Amino acid sequence: MTKSIFGSTELSNRLSKSAVAIDTVADIAGLKSAHEGDEVRWAGYYDKGDGGGNSGFVAIGAHTADGGKIFSIDANTYIAAAHDITSLDLRKFGAVPNFDASNHTNGAPSVHDSFAAFDAAMTLLGSSSPA
């Protein structure tokens, strides 16, 4: 079983619902009709297929978006992303390896610094313990 930030019972309960599919992280803010417990899957971070695709579950409450573990829908609603902490991929936090702006069309900055992505991933690792 993949180790996750979610407990196995909670994850099993959530997986029984159908997922909402979106293209990129930028589309998360448009999920105004999302409900607590809904699963959301995105196909890429900046562009579909860029390696930054992931999934997570809608939660309600105070939060601080970090661009990797927590994605804000609005002031009180967010997505808690699921990460396999045994093989973390920095692209799921917005890192762009071998960045070439000509390869990104949907919002990747023209100059990319992956430090924030690395920092968010390290914070996740520091706050998680494998189950």
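Modeller: Residues are numbered from 1 along each chain as its sequence is written, and side-chain values use heavy atoms, with hydrogens and water left out. Since the model is predicted, local features need pLDDT of at least 70, side-chain atom pairs count only at pLDDT 80 or more, and totals for chains, interfaces and linings use all residues.

Biologist: Why is Val58 called buried?

Modeller: Buried means under 20% relative accessible area, exposed over 50%, and partly exposed in between (1.4 Å probe, protein chains only). Val58 has a relative accessible area of 0%, so Val58 is buried.

Biologist: And why is Ser55 called buried?

Modeller: Its relative accessible area is 17%, therefore Ser55 is buried too. Ser55 is placed in strand S3, and Val58 lies in strand S3 (residues 54-60); a strand is a DSSP run of E, at least two residues, numbered from the N terminus.

Biologist: Which residues is Val58 in contact with, leaving aside neighbours within four places in sequence?

Modeller: Contact means heavy atoms within 4.5 Å. Among the residues that Val58 touches in this way are Ala34, Val40, Ile73 and Ile79.

Biologist: What makes S1 and S4 edge strands?

Modeller: Two strands pair if DSSP finds at least two bridges between them. The open sheet of 5 strands has the order S1-S2-S3-S5-S4, with mixed pairing. Strand S1 (19-24) and strand S4 (70-74) each have a single partner strand, so one side of each is left without a neighbour in the sheet.

Biologist: How do you know that S1 pairs with S2?

Modeller: 5 bridges join S1 to strand S2 (residues 39-44), and the two run parallel.

Technical notes. Helix = DSSP H or I, 4+ residues; strand = E, 2+ residues; numbered from the N terminus.
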